[in-house]
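I opened my notebook to look a few things up in this structure. Here are my entries.

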Amino acid sequence: MLAYSQMIGDKIRAAARARLHNRAAMPVPVALKAGPLRSSEKLIAIGSSTGGTEAIRHVLQPLPATSPALLITQHMPPSFTRSFAERLNKLCQITVKEAEDGERILPGHAYIAPGAMHMELGRSGANYVVKLNEGPPVNRHKPSVDVLFKSVAINAGRNAVGVILTGMGNDGAAGILEMHRAGAGPLPRTKPAVWYLACRVRRLPQAA
């Protein structure tokens with residue numbers, strides 16, 4: 001898992017240096033790494049908002065098909081999340097899809113939270129599964145990054161890595177703290193790039 005933590009850190013720093021066409025520099029992230037807790041399965045939880053679609057592409061595109069599973073909450077209307085997942089699936093080595101309630105979470109797959117639905121990490125025996133719900137907005141967002149991160153802290157603990165990429169407001173700040181309390185720590189040597197890009201959009205990464 002440390003190798004994937006370092007890889008994601010490298011991709012985040014590369015995204016910080018990238019000049020994206022027709023887009024301002026991306027505000028990128030704070031992240032958490034981890035070791036084994038109750039299961040041998042590892043996973044990565046990502047939350048982002050403003051500017052996040054390109055940030056997510058920069059992180060996912062280089063990942064090999066053997067990567068741990070990824071759960072992604074991107075603040076996005078419901079009519080766009082499926083097409084966003086389909087576009088990424090064509091660009092990436094891993095399988096990228098819009099998440100479905102109750103499906104098993106598999107390595108080499110990335111699951112995008114559907115717009116207007118919260119996504120949580122659940123368990124079915126020793127397996128991780130997707131849990132979707134139509135609860136009220138949290139931090140004015142649905143899907144909410146905090147909802148995802150808090151469920152990951154409870155059900156994966158040290159087996160998860162958490163990454164806040166971009167955004168406005170404080171959605172994800174409380175959840176990333178709960179992941180930290182569950183035993184996670186920051187990715188190695190990412191903070192300068194994180195801080196530089198966070199200041200471009202402000203608030204979310206600094207709040208974390």
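Helices (H or I, at least four residues) and strands (E, at least two) are DSSP runs, numbered from the N terminus. I number residues from 1 along each chain as its sequence is written, and side-chain values use heavy atoms, without hydrogens or water. The model is predicted, so local features need pLDDT of at least 70 and side-chain atom pairs count only at pLDDT 80 or more, while totals for chains, interfaces and linings use all residues.

**Entry: confidence.** I checked pLDDT, the predictor's confidence in each residue, from 0 to 100. The protein's mean is 81, and 74% of its residues reach 70 or more. Over residues 33–37 the pLDDT is below 50.

**Entry: L177.** I found L177 in helix α5 (residues 173–181). L177 is partly exposed, at a relative accessible area of 37%. Buried means under 20%, exposed over 50%, and partly exposed in between (1.4 Å probe, protein chains only). A153 lies 24 residues from L177 in sequence and 9.1 Å away in space, C-alpha to C-alpha.

**Entry: helix α3.** Which residues of α3 (residues 78–91) are buried? I noted T81, F84, A85 and L88.

Entry: I looked at β6 (residues 118–124) and β7 (residues 127–133), which pair in the antiparallel sense over seven bridges. Pairing requires at least two bridges found by DSSP. L121 stands opposite V130 in β7. Two residues sit between the strands of this hairpin, and G125 in the turn has a positive phi of about 65°.

Technical notes
Contact means heavy atoms within 4.5 Å.
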